[in-house]
Structures are given as C-alpha cells and as structure tokens.
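The structure comes first, then the text.

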Amino acid sequence: MVKYMDNYIKYNFDKQITGIIHTEAEAELVELKKKCVEENKKNRNTLFKVIFPTISLYHALQTQMSKQKAFEHMSKMISNNTKETSRKMYERISKLPNFFFLFKKMFVIGLRGEGWDVEWISNNKTSLEFNVKRCIYNDAFSQYECSELCALYCNNDHITFTDVTPKIRFERKGAIGYGNDICDFHFYAMKKNNNI
C-alpha cells in the first residue's frame, strides 16, 4: 500500500480494522499487478504506483463499510494528499523566475505517452490550453468497474491549480471523471507577475 494511504487508514480506524483493510488491500494489489498485461513502462508505473493501490484500497474499505462511505474516505484521503504534495510543490516552484515556462514544460512532458490522447490548443508565452480526450485513469478505473474513482483525480486538478499562485489562472469547464467528453485545461499567465 502507498505510504499516505497506509497512514490515513492507521489514523482513521482502530488497529483491528486497519489490519483487515491492509491485508485485503495488499492481497488485491498483488493480484492486480500479477495480472497486468500493460507493456508500456510509463503506463505500468502509473498503474502500479497510483491506480492499482487506489482500486485495492477502495475495495478493501468496502469489506468494512458501505460503498458510499468507502468513496467518502477515498475522496478525503486523496484530496488531503494532493494538498500536501502537488499543491505545495507548485506553490514552491511558483516563486522561481520563468515559472510559467517551467510549468508548461512539466505539463507537456507529463502528458507524453500512450496513456493519454491530448489535443493541444495553445502553448505560448501567455497560455497553455489543451483537451484530454482519453486518459489512463479513466481507462483503468472503467476497466476495473470503479469509474467513479476517476472524478477524485480530476478533482485534484482544481485542488492543485486553483489560485495556487497569482502568476497563473486556471480554468476548466468539464472533466471526463465528471461525465464530460473531455478534460479541458486552460492556464493563463498573468502579465503583472510573469514579466511578460
């Protein structure tokens, strides 16, 4: 189990239930990895380190509570982790000179590979805009019949980027995990703070 997931379970449940959840999650995680036929190294990494642990913990929680309650715990756990990791990372790097240039470069690199179908709209000094038409998260969660989990990762974008720095503005109309056809991303450099 991923460390932040393990910590959340230990903090929120008594020792006996924590042990059961941990055992169930680890057992399913082993099976998911064993049966995985994905050959692309980057995709396998995302599956093994993020998606499969999420699925296995979600199912393990459901052995002790309702599906709705398990989803609520997953939502709280994932959003809290995003606030403490991704959000804080972007808050730190936003202080660097040429932040918007670095920010765009990170995104472009991150969306390379077979797990994504991206339609690029703009990538210039003042904006980065693109539509994600297919993503590995939605594909995998749908394949394992827990497509509702995709929304938690779509929500991470709002947690990470909304008002993270005065240097950029983030806008979005929809997301695949929310039932839309695409995830639209719009990042705009704010001139005053980027010396454009």
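Helices (H or I, at least four residues) are DSSP runs, numbered from the N terminus, and the expected span of a helix is 1.5 Å times one less than its number of residues. The model is predicted: local features need pLDDT of at least 70, side-chain atom pairs count only at pLDDT 80 or more, and totals for chains, interfaces and linings use all residues. Residues are numbered from 1 along each chain as its sequence is written, and side-chain values use heavy atoms, with hydrogens and water left out.

Helix α7 (residues 150-161) has twelve residues and spans 18 Å from its first C-alpha to its last, close to the expected 16 Å. Ten of the twelve residues of α7 are buried (under 20% relative accessible area, 1.4 Å probe, protein chains only); among them are C150, Y153, N156 and F161. D163, which follows α7, has a positive phi near 55°.

The second topic is a helix pair. Axes are lines fitted to C-alpha atoms over the stretch in contact, with angles from 0 to 180 degrees between N-to-C directions. Contact means heavy atoms within 4.5 Å.

| Helix | Residues in the α3–α6 contact |
|---|---|
| α3 (residues 41-61) | N43, T46, L47, V50, I51, T54, I55 |
| α6 (residues 136-143) | I136, Y137, A140, F141 |

The axes of α3 and α6 come within 11 Å and cross at roughly 50°. N43 lies in α3 and counts as buried because its relative accessibility is 6%. Leaving aside neighbours within four places in sequence, N43 is in contact with E38, E114, G115 and I136.

Terms used: Helix = DSSP H or I, 4+ residues; strand = E, 2+ residues; numbered from the N terminus. Buried < 20%, exposed > 50% of the residue type's maximum accessible area, 1.4 Å probe, protein only.
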